[in-house]
Number of protein chains: 2
Amino acid sequence: ALAQPFSENQLTTAQRLMDQALESDLGYEIVESLTTEVGPRLAGTEAESRARDWAIAMLKAQGFENVRNEPFPVPLWVRGVETAAITSPYPQPLAITALGGSSSTGPDGVEAEIVAFKDLASVEALPDGSLKGKIIFIDEPMTRTQDGSGYGVAVRKRRTTAYEGVRLGAVAALIRSVGTSTHRFAHTGQMQRLTEGEREGVPTAALSAPDADQLTRSLKRGQPVRVKMVLTPETLPPSESGNVIGEIVGSEKPEEIILVGAHLDSWDLGTGAVDDGAGVGIVTAAARLVAAENPKRTIRVVLFGAEEVGLVGAKAYAEQHWDDLDNHMLAAESDFGAGRIWRFETRVHESKLETAQAIGNAMRGIGVGPGPNTAYGGPDLTYVRAAGVPVVTLKQDGLDYFDLHHTPNDTFDKIDPADMAQNVAAYAAFIYLASEVDAHFRGDEE
Amino acid sequence: ALAQPFSENQLTTAQRLMDQALESDLGYEIVESLTTEVGPRLAGTEAESRARDWAIAMLKAQGFENVRNEPFPVPLWVRGVETAAITSPYPQPLAITALGGSSSTGPDGVEAEIVAFKDLASVEALPDGSLKGKIIFIDEPMTRTQDGSGYGVAVRKRRTTAYEGVRLGAVAALIRSVGTSTHRFAHTGQMQRLTEGEREGVPTAALSAPDADQLTRSLKRGQPVRVKMVLTPETLPPSESGNVIGEIVGSEKPEEIILVGAHLDSWDLGTGAVDDGAGVGIVTAAARLVAAENPKRTIRVVLFGAEEVGLVGAKAYAEQHWDDLDNHMLAAESDFGAGRIWRFETRVHESKLETAQAIGNAMRGIGVGPGPNTAYGGPDLTYVRAAGVPVVTLKQDGLDYFDLHHTPNDTFDKIDPADMAQNVAAYAAFIYLASEVDAHFRGDEE
Ligand SMILES: [Zn+2]
Ligand SMILES: [Zn+2]
Ligand SMILES: [Zn+2]
Ligand SMILES: [Zn+2]
């Protein structure tokens, strides 16, 4: 075995940081402030711009250095009317919400017969033009798991059903929400983005789980079921977003960066509490705690803009910092709610694995176990990870996350302050030890 | 002690009925049919009329006799647009729903400063005209209890805030929902009805609990908080409702009636599953089971119309059957959701108490304990109870009932079929034994 990479002194400091974090409400107070004083903050809107103003003021108030906004352009899509109803044989309203990027039905809506499918694969198997004039309904549920692994499977229908609708000649589409809530909330989320010259999809909305069940029960009774949908979202001219950054400049190696991120934007339906106000509170409060230890490396907090609408801020960050990515020693993003961290995952060079794992070992006392070396790092690290930046995931318990995710019910009251504090504790230990360790996590030491 | 009023044979039959009920899904299937094939059914609307057609067909299909609709006039109020938003200092939407009977703000809405109160009593204590141009906000929570006793306390603000608003010169009012849900559902419900010549209240809506919390957090930050509300409900010309009745005519004392009721109407937001589709399923399925035993007295199932909008069907029933109320031996209504029955309460003459309690004793094996002799009987029995009809309450566990009550989330998926079957079992035992027992429950045997 390798030698323990941390001194007794460093481990004692990490423990003290965790103890302090568990006694502190700072992370919780930051998410309270963001969700109350800004609320929903859809990418490219005036509300997201207010969130950046809030973030800059908050980071300055917390003593961060080099606080700035790094702007970038972003597509802008805004929600309009969204109603649906069974028109026959059992007339009644249905609870829906438009998917991000959906086209409009126009104010008069569309009314057509529903054709139901158990999953996206069944729709993809159909020949072109075979659902002319129909409304597609995909009643594919999402599996609830602690690690969120059901999401990747279920989300494919959110991304592509609208375009399948065009191929098949359908007039609109409804999907069972990508989410695990049994309550009457439809979950929104972004469709796959069109590239230049591609044809927009059919108007597409998500049904709440109870409404998907209701539609299925109606269909089981054997008569044709007709639904009317009115969706009037608009795609507006491109707007501006930005990544808000604050730093604790390193005392010994200021050019070397430990990046901790979260995303500042949210969907428009809730107030973006667990997605991702929690992450903003967690990484900011943790970095703030570590500041007092005068860390050797620079701690960079990045509050990404426009994550929800297609990782636009993540891409802008990677482009804007492309020449400096070799200086990004290690990166982590908190974007999986406010549940307790239970596992420390890494994605570092094999030769640095034990060193990286030693960081996680310091968190055993607060309930964090060892994880694999295949960490994802977080959605906003997609591009920097692809460019070779080593990442870690402080994996949260996500059993309930998709009950709230992208619904009106994602509000501050759902966050447990004790769970928030445990997250801050783990991030504080991570940030501090990553800034102190005398190693890189790539294969070659530059 | 009195002699056991039931023979061994009768008790065996009651037990067999309970066993059958526990094996049967009939109650569950009835509420599935109602909530799917009719859905929401607001009093006085075309949807409530469809519910009556459904009920008549269903009762006939289940073999009931004398199936009929007993019509009566009903006021008609329908929901319109209902939106609200904080306009300053923290602009963001709020989730609200108009209270039944609310006046309209007009399509342009009203925008004013919020003045918050912890409860209705604080508002009632204010001098006339002291909230000129303001929006009243009452953030009074409801206490969660198994027996629903928190409701009576909390509901007073739903009934009278709109009229307090007029007295105080306010332009509108918001109340924290009368309900226990922590999710983002606002709970509707009827305001106190005006009598001829009274002035209508200010436009009044309920906020979901997370939104009431959000408004309170906004106010705590110290700046004046302004809210815009748009409510466009309409009071239309009076319409028609009706009580749907089906009977099992008694084999020995056909003129003596055991009444079991539930209400057929629902609020418009959900599909009226726990309120009160469950009750419709429970009493109908139980009476259906008892039919096979050829009961001595007439079992009358009454599916009341227009309960939600002020017990209009209950009053019509009492008036239309006034001359026959002495023949109503015992009555019960199921209108507290689909939770398990845990207590048998009576409201009978002291001299008949042990006999009445013996009915409840037969249900011990399915988890039903003894209750007091102060039973309420159910909302639709208000007038017949006042006229002296003895009532019982088969008390359900209501711990979760007010999470769903009067919200969009009151849907079929919330009902547990095993709990429904336990309810049907208890009602079947009650109906059967009440029809067999050789006693009246009033003081004097006629
Ligand atoms: Zn997120
Ligand atoms: Zn998200
Ligand atoms: Zn009711
Ligand atoms: Zn009700």
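This is a predicted model: local features need pLDDT of at least 70, side-chain atom pairs count only at pLDDT 80 or more; totals for chains, interfaces and linings use all residues.
Two strands count as paired here if DSSP finds at least two bridges between them. Chain B holds an open sheet of 8 strands with mixed pairing, and the strands run in the order β3-β2-β9-β5-β6-β7-β8-β4. At its edges lie β3 (92–94) and β4 (96–98) of chain B, each of which pairs on one side only. From one strand to the next, the twist averages 35 degrees. Within this sheet, β6 (residues 135–138) and β7 (residues 172–176) of chain B pair in the parallel sense over 4 bridges. A handy point of reference is F137(B), whose bridge partner in β7(B) is L174(B).

Attention now turns to the interface between the chains. Here 32 residues of chain A are in contact with 32 residues of chain B. Together the two chains bury about 2500 Å², with 49% of that area on carbon and sulfur atoms. On the chain A side, T36(A), R184(A) and R217(A) supply 24% of the area buried against chain B, more than any other three residues.

Between chain A and chain B the count is 4 salt bridges; R221(A) and E37(B) meet through their side chains in a salt bridge, at 2.4 Å from N to O. Polar contacts across the interface link 19 residue pairs, both residues being at pLDDT 80 or more. The side of chain A that touches chain B draws at least two residues from each of α2 (26–37), β3 (92–94) and α6 (209–220) of chain A. Sorted by class, that side has 10 nonpolar, 13 polar and 9 charged residues.

Terms used. Residues are numbered from 1 along each chain as its sequence is written. Chains are lettered from A and ligands numbered from 1 in the order in which they are written. Side-chain values use heavy atoms; hydrogens and water are left out. Axes are lines fitted to C-alpha atoms, for helices over the stretch in contact, and angles run from 0 to 180 degrees between N-to-C directions. Contact means heavy atoms within 4.5 Å. Buried area is the accessible area (1.4 Å probe) that two parts lose on being put together, summed over both. A polar contact is a pair of N or O atoms within 3.5 Å; within protein, one must be able to donate a hydrogen and the other to accept it, and residues adjacent in sequence count only if both atoms are side-chain atoms. Ala, Val, Leu, Ile, Met, Phe, Trp, Tyr, Cys and Pro count as nonpolar, Asp, Glu, Lys and Arg as charged, and the others, Gly among them, as polar.
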